[in-house]
Amino acid sequence: MRIDILTLFPNMFDGFLNESIIKRAIDKGLVQVNIINFRDYSTLPHNKVDDTPYGGGSGMVLAPQPIMDAVDAIKTKESKVILLTPDGKKYNQSMAYSLAQEKHLIIICGHYEGFDERIRSIADLELSIGDYVLTGGELPSMIISDSVIRLIDGVIDKDSHLNDSFNNNLLDYPTYTKPRVYRGMEVPSVLLNGNHKEIEEYRKNEALKRTNERRPDLLDRN
Ligand code: ADE
């Protein structure tokens, strides 16, 4: 898979691309991530990327030309263009699974007070990562890329994401490691008895119980 991220702040991605699982996936050639500064595509004086809003009002608005020309330059028949905006569709795990099937994602990070409405015309999908407003789309683009990259075959052990929270609309069951007793808190004995059927049953029940307590809205989706 290839992911192209269009941003005005390429340095924000240094840590994301150079650590841990994402770095390993890139090094293994399982994903290619390109950070593209769309200022480089500006044909406006001084490589300008924004201007004042028509009709007045505060702040600057991202102009259509740099972003739309950048997308035209990198888009192929296989590309899916995603625009990040707080008024997009709310992102979730099932969208991560669906995006992980794509060959090429182009992710546009908005910034400043907004973007020219005409930029929406080139997006296949508008996504929001939640009901709050960030200073730009950079963090959302990392969140979406991270959640997608970890689902690509070979990036992490398949078993570890089959049991993820939100699969089948359930939260994850509780997990423990050594020691058996810590600060007076014991590992449930069912996990120590080696009976795989009982362990599976226990985990299923705990996942249901936890979802019921913390996110009953997920159960309504089943
Ligand atoms: N840009 C600013 N806030 C955002 C959000 N919540 N989701 C996606 N993009 C954004």
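A backbone N or O atom of Y132 lies 2.8 Å from a nitrogen atom of the ligand, a polar contact (here, a pair of N or O atoms within 3.5 Å). The model is predicted, so to speak of local features a pLDDT of at least 70 is needed, side-chain atom pairs count only at pLDDT 80 or more, and totals for chains, interfaces and linings use all residues. Residues are numbered from 1 along each chain as its sequence is written, and side-chain values use heavy atoms, leaving out hydrogens and water.

**Contacts and cover**
- For I129, the distance from a backbone N or O atom to a ligand nitrogen is 3.0 Å.
- T85 has a polar backbone atom 3.3 Å from a nitrogen atom of the ligand.
- The protein covers 96% of the ligand's own 260 Å² of accessible area (Shrake-Rupley method, 1.4 Å probe).

**The shell around the ligand**
- Residues surrounding the ligand (a heavy atom within 4 Å) include L84, P86, S128 and V133.
- The strand β5 (a DSSP run of E, at least two residues) gives the most to this shell, with three residues.
- By class, the shell has eight nonpolar, four polar and no charged residues, with Gly counted as polar and Tyr and Pro as nonpolar.

**The pocket**
- The ligand takes up the space of the largest pocket (more than half of its atoms lie within 2 Å of the grid points).
- A pocket is an open set of points on a 1 Å grid over the protein atoms alone, where a 1.4 Å probe fits, with protein on both sides within 12 Å along at least five of seven lines; lining residues have an atom within 4 Å of a point.
- Of the 23 lining residues, L84, T85, P86, V133 and L134 lie nearest the centre of the largest pocket.

Key. A polar contact is a pair of N or O atoms within 3.5 Å; within protein, one must be able to donate a hydrogen and the other to accept it, and residues adjacent in sequence count only if both atoms are side-chain atoms. Helices (H or I, at least four residues) and strands (E, at least two) are DSSP runs, numbered from the N terminus.
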